[in-house]
Amino acid sequence: MSDELKNKLRRSRHLQRSLDRLQSDLLSLFGIVEQMINKSVRSLYQRDINLADEVIKSDEIVDQREVAIEDDCLNLLALHQPVASDLRWTTTVIKVNSDLERMADLACNIAERAKALTHFPLFPIPDDFEPMVSEATTMVSRALDSFVESNTSLAFSVMRSDERVDELNRSLIQELREIMKRDPDSVEPALHCFSAARHLERIADLAENISEDVVFLVEGEIIRHKPEEHGRSTPRPDSGS
């Protein structure tokens, strides 16, 4: 075996180890962020300050890991100069990594609203909030699954779900407006709830972003700002790496 071939094989092994480590680190970040979102919503319903504080404290860990993953991606691009599917995967990791960090920030925002609502123990969470939570958290979970599995069918299903979250958000806003009209004393807690719903809706938007990135990863096509593409439930026949 020639020295040139040996060097190529060595670089290939080093690249694969770097890619594997990146995937492991990103999956770990997935888990932390998903847990933060679930805890933030629970803290809202339960008026649990301690649970809300757990979410807020976790944000520092997410920030550190987000920076470390981005550094690793940049080093990988500089040292190994990946091409084709490896290049798409690395650039997708950079974008997904950023979206996860933003999701964590939004979970902290929800936790802050939960802490504020502890001062209003009798204020009821509107009925439309629960289905919105269920839809949004499912979108997050399925978006992450679509990335891990490189599953565009699952990614497109996440994108289609975003419209349902938007509908529930509009309905919730209307319900909160009616509550504030009927009872002026409810204005402050209703605004806290309104803010929490807005953050949750934004989390769903980020789940949609990740799903769009999955399509780019698998098919090499950027479908952002192409709403007609979201109707596709299966990848094109000629899609590949």
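Me: Starting with lysine 181, is this residue buried or exposed?
Reply: In this predicted model, lysine 181 is exposed, with a relative accessible area of 64%.

Me: Which side chain does lysine 181 meet in a salt bridge?
Reply: The partner of lysine 181 is glutamate 178, and the N to O distance in this salt bridge is 4.0 Å. Glutamate 178 counts as partly exposed, at 30% relative accessibility.

Me: And how are glutamate 178 and lysine 181 placed in helix α5?
Reply: About one helical turn separates glutamate 178 from lysine 181, because the two are three residues apart in helix α5.

Me: What does arginine 164 form with glutamate 167?
Reply: Arginine 164 and glutamate 167 form a salt bridge, with the closest N and O atoms 3.9 Å apart. These two are also three residues apart in helix α5, which means that about one helical turn lies between them. Arginine 164 is partly exposed at 40% relative accessibility, and glutamate 167 is partly exposed as well, with a relative accessible area of 35%.

Me: How many salt bridges does a search of the whole structure find?
Reply: The search finds seven salt bridges, including one between lysine 115 and aspartate 53, where the closest N and O atoms are 2.9 Å apart. Lysine 115 lies in helix α3 (residues 84–117) and aspartate 53 in helix α2, so this pair ties together parts that are 62 residues apart in sequence.

Me: What is the relative accessibility of lysine 115, and what is the relative accessible area of aspartate 53?
Reply: Lysine 115 has 25% relative accessibility and counts as partly exposed, while aspartate 53, with a relative accessible area of 23%, is also partly exposed.

Me: Changing topic to the overall build, how many helices and strands are there?
Reply: The secondary structure comes to six helices and zero strands, and from the N terminus on the elements run α-α-α-α-α-α. Of the 241 residues of the protein, 46% count as buried.

Me: What about the loops, where is arginine 47 found?
Reply: Arginine 47 is in the loop between α1 (3–46) and α2 (49–80). Its phi is near 55 degrees, a positive value in a residue other than glycine, and arginine 47 is buried, with a relative accessible area of 17%.

Me: Where is confidence lowest, and where is it highest?
Reply: Confidence is lowest in α1, at a mean of 82, and highest in helix α6 (residues 187–219), at 95. The protein averages a pLDDT of 88, and 88% of the residues score at least 70.

Me: Over which residues does pLDDT stay under 50?
Reply: One stretch is residues 1–9, for which the model has two contacts beyond four places in sequence. Another is residues 233–241, for which the model has 18 such contacts. Where pLDDT is low, the predicted coordinates should not be read in detail.

Key. Residues numbered from 1 in each chain as written. Predicted model: local features only at pLDDT ≥ 70, side-chain atom pairs only at ≥ 80, totals over all residues. Heavy atoms only, no water. Helix = DSSP H or I, 4+ residues; strand = E, 2+ residues; numbered from the N terminus. Buried < 20%, exposed > 50% of the residue type's maximum accessible area, 1.4 Å probe, protein only. pLDDT = per-residue confidence, 0-100. Contact = heavy atoms within 4.5 Å.
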